[in-house]
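Please read each point with the structure in view.

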Amino acid sequence: MGLVFWNRQKRKKKIELRRIPATDHGITASQICDKTKDVLRRLNKAGFEAYLVGGAVRDLMLGKEPKDFDIATSARPEEVRRLFSSCRLIGRRFRLAHIYYGRFYLEVATFRGPHDTSSQGVTSDDGRIIHDNVYGTVEEDALRRDFTVNALFYDLASGEVLDYVGGVDDIRKGTLRLIGDPEQRYREDPVRMLRAIRFASKLGLEIEKETQKPIQEMADLLDNIAPARLFDETLKLFHSGQAVKTLEQLREYNLFSCLFPLTEDGLHDPTFNAFVMAALSNTDKRIRSGLSVTPAFLYSVMLWRVVKYHADRSLAQGYPMMQAFHIAASIVLKEQVQYTAVPRRFTTMAREIWSLQARFNYKDCRRSMSFLGHPRFRAAYDFHCLRASVNDDVTMEDCQWWTDFQEQDEEGKLEMCRLHKGKRRKRKKKKKKPNSAS
Ligand code: ATP
Ligand code: MG
């Protein structure tokens with residue numbers, strides 16, 4: 001074998017393969033989807049090595065349901081394509097095979113080898129891997145993965161888990177550990193710092209000391225990552241069902257400001273902090289109950305304080321409310337997309353959620369009824385009530401009015417508006433009294 005990798009102390013460490021039998025790791029073939037098993041068997045039958053790998057093995061060992069089943073094989077992408085008629089090859093940085101079953105597909109990756117640092121253009125000046133298309137053996141593939149718990153291979157034929165990096169022990173101990181020298185691994189791909197927080201929060205793992213240590217100092221390397229990739233990572237982080245925990249950890253490791261630089265300072269304001277926490281806890285609940293979530297809501301929450309700040313400035317200059325919010329939204333979104341490339345359909349929706357907040361003040365029948373029909377009413381209403389829950393210039397009574405209004409039939413709605421009008425008149429009269437007496 002003769003494979004070595006350098007650990008932190010720069011000592012050579014021999015790679016040992018541990019084969020863990022089914023009786024010890026607990027994964028059974030019945031937990032794996034039939035299509036995955038079919039692909040594994042066909043690759044084996046054609047003479048290739050093929051394993052279930054990565055998140056699926058990890059999640060099954062942790063007793064969680066895997067999100068997807070990825071396969072790693074010794075077959076080259078073209079060889080996979082020859083075996084499966086529904087196969088499409090994708091990717092420039094590293095070619096991957098997608099085997100389609102209707103709209104669903106399985107990802108099959110050829111084992112990768114160590115990137116060749118000797119050839120020019122492979123890494124950038126700051127050590128980031130740019131080109132990465134070297135094939136390798138299963139051991140080499142294991143060493144190139146990020147965390148030990150993500151580098152386990154399940155062999156369907158023997159029922160064994162192949163462990164080259166001590167991942168099984170780490171799963172048992174609940175430890176998240178980078179493979180190899182952490183500093184070098186973060187330099188190669190700074191997104192691994194975000195992945196560390198994501199897996200630790202999502203899977204309840206503890207980040208091992210050496211893996212933790214360089215993060216705060218190296219956080220700035222994320223500035224060099226493409227905003228589109230950071231947007232994808234942001235969604236994975238905040239839509240994992242553990243957003244509250246994730247936010248706390250991101251802040252602890254100085255990583256939050258790389259994704260939301262306009263938000264970080266505002267979190268010291270107790271009202272805004274409570275607002276963000278309430279929103280994230282809501283998001284977590286929705287995800288755990290299988291309800292949909294939209295990135296637009298996440299961004300509208302995170303940027304709300306700074307949008308309000310800019311809107312207030314425009315209001316002070318005499319702009320009407322709606323326009324003030326549009327101006328503020330433009331300033332804030334233009335800056336945010338430089339860090340995480342939020343697609344336009346989501347920025348448009350965030351903009352609407354913000355500017356619609358003003359319409360909750362109008363409770364006359366004509367305007368209220370037409371507001372209910374607005375395509376963004378629901379999102380704006382959720383946002384409004386979230387504000388009410390933390391007393392952010394909106395009262396719970398106000399939120400309740402809109403809750404009740406939606407539930408009424410036509411007659412009930414008219415009645416609510418009449419009552420509201422009556423109340424407003426009384427309030428106005430009361431206000432006028434002291435003046436008229438004087
Ligand atoms: P999830 O269940 O959240 O999808 P996952 O472990 O499957 O978790 P993916 O992003 O789908 O995560 O990646 C699949 C596998 O590819 C990982 O388990 C890991 O082995 C490897 N991997 C992904 N990204 C990196 C990276 N940046 N550096 C090294 N290895 C990586
Ligand atoms: Mg995955």
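1. Ligand 1 is surrounded by 15 residues, the closest being R58, D189, R192, R195 and R198; a residue counts as near if one of its heavy atoms lies within 4 Å. The model is predicted, so that local features need pLDDT of at least 70 and side-chain atom pairs count only at pLDDT 80 or more, while totals for chains, interfaces and linings use all residues. Residues are numbered from 1 along each chain as its sequence is written, ligands are numbered from 1 in the order in which they are written, and side-chain values use heavy atoms, without hydrogens and water.

2. By class, this shell holds 11 charged, 3 polar and 1 nonpolar residues; charged here means Asp, Glu, Lys and Arg, nonpolar means Ala, Val, Leu, Ile, Met, Phe, Trp, Tyr, Cys and Pro, and the others, Gly among them, are polar.

3. Helices α3 (55-61) and α8 (191-203) each supply at least two shell residues, and α8 gives the largest share, 5 residues. Helices are DSSP runs (H or I, at least four residues), numbered from the N terminus.

4. The side chain of K67 places an N or O atom 2.9 Å from an oxygen atom of ligand 1. For R195, the distance from a side-chain N or O atom to a ligand 1 oxygen is 2.9 Å. Polar contacts are pairs of N or O atoms within 3.5 Å.

5. Which residues touch the most other members of the largest nonpolar core? They are L43, F238, L255 and W354, in a core of 98 residues. Such a core joins buried (under 20% relative accessible area, 1.4 Å probe, protein chains only) Ala, Val, Leu, Ile, Met, Phe, Trp, Tyr and Cys residues through side-chain atoms within 4.5 Å. The core lies between domain 1 (3-179) and domain 2 (281-422), because both give residues to it; the domain bounds come from an automatic or database assignment.

Conventions: Polar contact = N/O pair within 3.5 Å; in protein donor to acceptor, adjacent residues only side chain to side chain. Buried < 20%, exposed > 50% of the residue type's maximum accessible area, 1.4 Å probe, protein only.
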